[in-house]
Every structure is written in structure tokens, then in C-alpha cells.
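Colleague: I'd like to learn how to read salt bridges off a model. Can you walk me through it?

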Amino acid sequence: REAVQYFASQYFNRDSVFYIGRNIDYALGLEGSLKLKEISYVHSEAYASGELKHGTISLIDEGSLVVALGTCLRLFDKTMSNIAEVKSRGGDVLALTCESRAEDMAKTADGVITVPDAHPMLLPLLGVAPLQLFAYYAALMRGCDIATPTTGPTAGRGEAAPRAGAPPPPGGGRPWGSAPRLYIVDTLEKR
């Protein structure tokens, strides 16, 4: 947790962040990128590492932050090759990998976050937590209001707020004035 917070303090001021990964790490990158966009309002995109040479590499220049995901160990060497490409363009690389590969990753990446070695099917579950923490700490350091996001499923439903003293909503539940956020949760749980 401290390592993630440290790296967030180093990189929170970037205008764009790119996530790269192969196989399941690409899906992990999509989640990390989405979370960063949602709560810190930083432009972020995720790309499949194998497609890096097909135009994506042109987006990376001096000082670009690239979060490289290397938890898919059978493709680790190819991921390292992609990291070398990013470094040759002047990009900064923050990597996420398994503990057993941290030393190899540290030879090329600027920073390394590790997750415990586990069965390959469990690695995405372990990898998503540090990516979400990175987004959280980056948002805090940027001064974003994390408790009330302006994007995502809880924001901007387009519904007018109920007036004070309005009758309870249809189907029972809590009165509008008491706790509208809880009413939404109660309604969803009943479905």
C-alpha cells in the first residue's frame, strides 16, 4: 500500500496515462484505466501490448506515463520487450508484476508494484487492487472529491431531486428527505 501511495505521489500530475498489457493483463489495464478516469479525471487509455507497434507507440513521448502490466507470466518476456520500446521513446514506466518477477522488471521499469505469486486465474483479482489504490491516491493528490464522483453509475442520473417533505417513493422504502442514497440501494436490492 505504501509503495502504491508513493508512486501515485510521483505521477499524479500527469495529463495522460497509458496502460499496456497482454492477454488477461490487457483486461486488467482496461479496469485500471477506467478507475483512473472515473475518480481522478485524468485522460487514460489501455492498449494491448502486442498492438504497440501499430500506431500506439506514437502516442508515447518524453515523460509519458505508461503502466505496464506483467502478471501473465507466460508472456512476461514479450511484455519486457514492450517496456523496452516505451523506454526507448522516453516514457516513464510503472510496472505491476508478480513477486517472483519483480527483480527482472526493476531492471527496466522506473517503478515496480508487486502482487503475490498465485494461480494465473487469481492474478487479475490480486492486480486490480493496487491499480484501484493508485487511482484513489492520484485522485486525492489532485484534490478530487472522491466521495461524490461526477461520472459512473451513481452520478448524473438526470433525475430531479425530490422536494423536502415529499411522500415516500412508490413501493414503500424510505421517505425522500431521509436518505435518498439509501433508498436507491434498497430499491436495487429488491430487484
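**Reading the salt bridges**

Modeller: Happy to. Start with Lys107 and Asp104, whose side chains meet in a salt bridge at 3.9 Å, N to O. Keep in mind that this is a predicted model.

Colleague: Why does a pair at 3.9 Å make the list?

Modeller: Because the general idea is a distance cut-off: a side-chain nitrogen of Lys or Arg has to lie within 4 Å of a carboxyl oxygen of Asp or Glu. Lys107 and Asp104, at 3.9 Å, get in on that basis.

Colleague: Is Lys107 buried or exposed?

Modeller: Lys107 is exposed, with a relative accessible area of 64%.

Colleague: Which other residue does Asp104 form a salt bridge with?

Modeller: Arg101, where the closest N and O atoms are 3.6 Å apart. Both ends of that pair are partly exposed: Asp104 has a relative accessible area of 28%, and Arg101 has 23%. When bridges share partners, read them together; here Arg101, Asp104 and Lys107 are joined into one network.

Colleague: How many salt bridges turn up in the whole structure?

Modeller: Five, from a search of the whole structure. One of them pairs the side chains of Lys35 and Glu38, at 3.3 Å from N to O.

Colleague: Where do Lys35 and Glu38 sit relative to each other?

Modeller: Both are in helix α2, which covers residues 24-40. They're three residues apart there, so about one helical turn separates them. As for accessibility, Lys35 is partly exposed, at 22% relative accessible area.

Definitions and conventions. Residues numbered from 1 in each chain as written. Predicted model: local features only at pLDDT ≥ 70, side-chain atom pairs only at ≥ 80, totals over all residues. Heavy atoms only, no water. Helix = DSSP H or I, 4+ residues; strand = E, 2+ residues; numbered from the N terminus. Buried < 20%, exposed > 50% of the residue type's maximum accessible area, 1.4 Å probe, protein only.
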